[in-house]
Amino acid sequence: EMCGWEFGVTESVSCVILVGFSVDYVVHLGEYYTESNFKDRYNRIREALKQIGISIFGGAVTTLGASIALYFCTIIFFNKFAILITSTISYSLLYTLTFFTACCLIIGPEGDTANVKVYLLRCFAFCKRKYGKKNEKAEDNKKNSSDCSKPNISPAENTGKSSPEVNHKDLNLQVDNDSSSDHDKKKKRAENLEPNLEKVEVESCE
């Protein structure tokens, strides 16, 4: 029970709706505090109150003014909802402009402290440096292994004078010349032997 009320449908619906009202002002003030261009706490909270403080106060006043009309309703649901919303908005405004503001001024983050975006960028840069070097080393090792697997190029190929194919052709020509010279020698021997054979035949006939 709360103020003699039982926790029923009205209280359940009111609690679900009033959760946003209870944290709305603190979230807006904290966002302006973290997004400030200043680095120190005093100037940050001062700029946040200057930029969004008036809007927070104006929103609270208009919400309270709208909830006052619900006090004159005869339906119990709207009457209870008016009590809950006025108390929630009042405590939220008081907490935002007093306690939360004092906490930001005393122990609020300075510089890039508690800035998730900066931490993510630093983490990404660290991972890039760490794993980028490993990838570069792996690529260098691949290049070195590919260079070792390539055949050695002869100086003749580097200078462009002659190639192994031309050398093979020269060898083939030399072999052909040698075979032709051998054939000529055999032919000359046969020619020299023919007169001797004729003499032998004539002597045998006599």
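**View 1. Helix 2 bends by about 50° at Ile-52.** The bend is the angle between axes fitted to the seven residues ending there and the seven starting there; helices are DSSP runs of H or I, at least four residues, numbered from the N terminus. This is a predicted model, where local features need pLDDT of at least 70, side-chain atom pairs count only at pLDDT 80 or more, and totals for chains, interfaces and linings use all residues. Residues are numbered from 1 along each chain as its sequence is written, and side-chain values use heavy atoms, with hydrogens and water left out.

**View 2. The buried residues of helix 2 include Ile-52, Gly-53 and Ile-56.** Buried here is under 20% relative accessible area (1.4 Å probe, protein chains only). Arg-44 and Ser-67 are also among them. Helix 1 and helix 3 are part of the cover, judged by contact, i.e. heavy atoms within 4.5 Å.

**View 3. Leu-29 and Ile-56 touch the most other members of the largest nonpolar core, which has 20 residues.** Such a core is a set of buried Ala, Val, Leu, Ile, Met, Phe, Trp, Tyr and Cys residues joined through side-chain atoms within 4.5 Å. Leaving out residues up to four places away in sequence, Leu-29 touches Ile-52, Ile-56 and Phe-100, among others.

**View 4. Sixteen residues line the largest pocket, with Thr-34, Glu-35, Arg-44, Asn-115 and Val-118 nearest its centre.** Helix 4 (residues 116-149) supplies the largest share of the lining, four residues.

Terms used:
Buried means under 20% relative accessible area, exposed over 50%, partly exposed in between (1.4 Å probe, protein chains only). On a 1 Å grid over the protein atoms alone, a cavity is a set of points where a 1.4 Å probe fits but cannot get out, and a pocket is an open set with protein on both sides within 12 Å along at least five of seven lines; lining residues have an atom within 4 Å of a point. Helices (H or I, at least four residues) and strands (E, at least two) are DSSP runs, numbered from the N terminus.
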